[in-house]
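Hi,

Here is the structure I promised to pass on.

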Amino acid sequence: MNSTTSTSKVNFDPLKDEKNGRIREVGSQAVWSLSSCKPGFGVEQLRDNCYDTYWQSDGPQPHLVNIQFRKKTTIEYISIYADYKLDESYTPSRLSIRTGNHFHDLQEVELMELNEPNGWVVIKLNSRAFLVQIAILTNHQNGRDTHIRQIKIHSSVNHNPAMIIDAPFDFTTTTLKQHATIR
């Protein structure tokens, strides 16, 4: 388990880096669920690429965001957009990132203390998992419910160097075309 005592300022805008082709957002390949939410402040707002909307929990802590993939997925970064200036006591101050194959084998891989975050909080994970859980353990000023404005899950863009580009032969049948690249 890694532990970070405060948010380090990172020059990282996931939306910009996605457009540049350096990383890809894989959250759309997952099923998202929340421990609770106020009506109209759920997964859709958490994933809509708009900093003006947010997820708002509605219940006791910890508040959970569960991200389940259909296949084991490499996760390099989790990026969370939080804005202390707008959300004050609704802003997370302590989070736990957990990964595993299912809910019964989750392991904490990162524990973070956030100090009045304003923008993207980027968590380097380098993990492979079917399930990622983000647990908001406490909020600033002992707030009860939480606001998170966006969450992105990133993998590297893999350029496959083993791909055969100038093959001396042409694969023409369906059976042979299946073997045109090395996985």
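Let me start with the rule for aromatic pairs: rings of Phe, Tyr and Trp (for Trp, its six-membered ring) pair if their centres lie within 6.5 Å. Planes under 30 degrees apart count as stacked, those over 60 as edge-to-face, and the rest as tilted. Going by that, there are four aromatic pairs here. One of them is tyrosine 51 with tyrosine 81, a stacked pair with 4.1 Å centre to centre and 10° between the planes. These two come from distant parts of the chain, 30 residues apart: tyrosine 51 sits in the loop between α2 (43-46) and β4 (55-56), while tyrosine 81 belongs to strand β5 (residues 63-83). Tyrosine 51 is partly exposed at 28% relative accessibility, whereas tyrosine 81 is buried at 13%.

Tyrosine 81 also pairs with tryptophan 120, this time edge-to-face, at 5.3 Å centre to centre with 75° between the planes. That again links distant parts of the chain, as tryptophan 120 is in strand β8 (residues 118-139), 39 residues from tyrosine 81 in β5. With a relative accessibility of 11%, tryptophan 120 is buried. Put together, Tyr51, Tyr81 and Trp120 make one aromatic cluster.

Before you read on, keep in mind that this is a predicted model.

Now the overall picture. The protein chain has 183 residues, 43% of which count as buried. There are four helices and 10 strands, in the order β-α-β-β-α-β-β-α-β-β-β-β-β-α from the N terminus. Of the contacts with a separation of 6 or more, 77% are between residues 24 or more positions apart. The accessible surface is about 10,400 Å², and carbon and sulfur atoms account for 48% of that.

Arginine 149 is worth a click. You'll find this residue in the loop between β9 (147-148) and β10 (150-156). Is arginine 149 buried or exposed? It counts as buried, because its relative accessibility is 5% and the cut-off for buried is under 20%. Its side chain makes a polar contact of 2.8 Å with the side chain of aspartate 87. Beyond its neighbours within four places in sequence, arginine 149 touches a list of residues including Tyr51 and Tyr81, both of them members of the aromatic cluster.

On to charges: the model holds seven salt bridges. In one of them, aspartate 58 meets lysine 38, with the closest N and O atoms 3.4 Å apart. Aspartate 58 is in the loop between β4 and β5 and lysine 38 in the loop between β3 (30-34) and α2, so the bridge ties together parts 20 residues apart in sequence. Both ends are partly exposed, aspartate 58 at 33% and lysine 38 at 27%. Arginine 144 and aspartate 145 form another salt bridge, at 3.7 Å from N to O, and aspartate 145 is buried at 9% relative accessibility. Through shared partners, salt bridges join Lys38, Asp58, Arg144 and Asp145 into one network.

Last, the hairpin. β6 and β7 form it with six residues between them. The strands, residues 92-100 and 107-113, run antiparallel and are joined by six bridges, and threonine 99 has glutamine 107 as its bridge partner in β7. A salt bridge also spans these strands: arginine 94 and glutamate 113, with the closest N and O atoms 2.7 Å apart, lie in β6 and β7, 19 residues from each other. Arginine 94 is partly exposed at 30%, as is glutamate 113 at 31%.

Cheers

Note on methods. Residues numbered from 1 in each chain as written. Predicted model: local features only at pLDDT ≥ 70, side-chain atom pairs only at ≥ 80, totals over all residues. Heavy atoms only, no water. Buried < 20%, exposed > 50% of the residue type's maximum accessible area, 1.4 Å probe, protein only. Polar contact = N/O pair within 3.5 Å; in protein donor to acceptor, adjacent residues only side chain to side chain. Contact = heavy atoms within 4.5 Å. Areas by Shrake-Rupley, 256 points an atom, 1.4 Å probe, with all protein chains shown as cover. Pairing = 2+ DSSP bridges. Salt bridge = Lys/Arg side-chain N within 4 Å of Asp/Glu carboxyl O.
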